[in-house]
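Student: I would like a close look at a single part of this model. Please take me through the charged pairs and what they join.

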Amino acid sequence: MTPQRSAGAAEGAALPEQIVHEEKAQLDFSQSMSYGDYLHLDEVLGAQHPLSPAHDEMLFIVQHQTSELWMKLMLHELAAAGRCIAADQMPDAFKMLARVTRIMEQLVGAWTVLSTMTPPEYSAMRPWLASSSGFQSWQYRCIEFMLGNKNAAMLKPHAHRADLLARVEAAFHAPSLYDETLRLMARRGLPVPADRLQRDWTQPYAASEAVEQAWLVAYRDPHAWWDVYQLGEKLTDIEDAFRLWRFRHVTTVERVIGFKRGTGGTGGVSYLRKMLDVVLFPELWKLRTDL
């Protein structure tokens, strides 16, 4: 029996099947690549394997897996931005760094979703996590190293996987994004001291009064030093977003587990709060007071 057309359809509005026909949408994918084929959705959507009977473990898995996907893109953008800065290709670098900030906004939002998990719901699945923890994320560690927060002890969680250790070590031994920025400033003629241009890249960056003075030259005359000034603001955007990401992590963990120790062995909230004090680009923040 033919369904009755609505009043709107009777007056000339097309039905959904008519629209598909009129638009000549492809419907047969037996001989060509489909959306799911291109994105490998069978593998992606088949990668969630809850271990507990708890309903909320699916939320926990999906939130962390999607965060790892965003971090994969962030690493892709950070690495390319570093290469562009080293090659003085600043428009491309600006676009990539702006994208990194937007990715971090997505990661902040992910914590908001996870915060819907209550303490009893997390407790129901926590035993199945064993000692696994986001603390062990090799991608997150690479992001921190690329942003300059170097710590040799953070290589150890990856020692059991030679392939992953090699990736983390590469980021650990390479100049950070900020190191490449200081090199660019020196190439442009700003007075960056030599000890900041050639140093042991495995050591965390230490603030320098001379580097701040170099930044101040650019910030006091933005039009004369536009690329450097813009780069400084892009880096500030990134650290601003990174702080929000860390802060939402802390508050979500405290909301869900309180002050219990983390599954990875850290103090949980106490450890995460210490990480809030890390400053990646110190001179860019101090110059705001001194301008």
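Arg 199 and Asp 179 meet through their side chains in a salt bridge, 3.0 Å from N to O. A salt bridge here is a side-chain nitrogen of Lys or Arg within 4 Å of a carboxyl oxygen of Asp or Glu. This pair links distant parts of the chain, 20 residues apart: Arg 199 is in the loop between helix 10 and helix 11 (209-220), and Asp 179 is in helix 10. Helices are DSSP runs (H or I, at least four residues), numbered from the N terminus. Asp 179 is buried, at 1% relative accessibility. Buried means under 20% relative accessible area, exposed over 50%, and partly exposed in between (1.4 Å probe, protein chains only).

The model is predicted: local features need pLDDT of at least 70, side-chain atom pairs count only at pLDDT 80 or more, and totals for chains, interfaces and linings use all residues. Residues are numbered from 1 along each chain as its sequence is written, and side-chain values use heavy atoms, with hydrogens and water left out.

Now take Arg 188. Its salt bridge is with Asp 227, and the closest N and O atoms are 3.4 Å apart. Arg 188 lies in the loop between helix 10 and helix 11, Asp 227 in helix 12, so the pair ties together parts 39 residues apart in sequence. Arg 188 is partly exposed at 31%. Asp 227 is partly exposed too, at 25%. Salt bridges with shared partners join Asp 88, Arg 187, Arg 188 and Asp 227 into one network. The structure holds 17 salt bridges.

Definitions and conventions: Helices (H or I, at least four residues) and strands (E, at least two) are DSSP runs, numbered from the N terminus.
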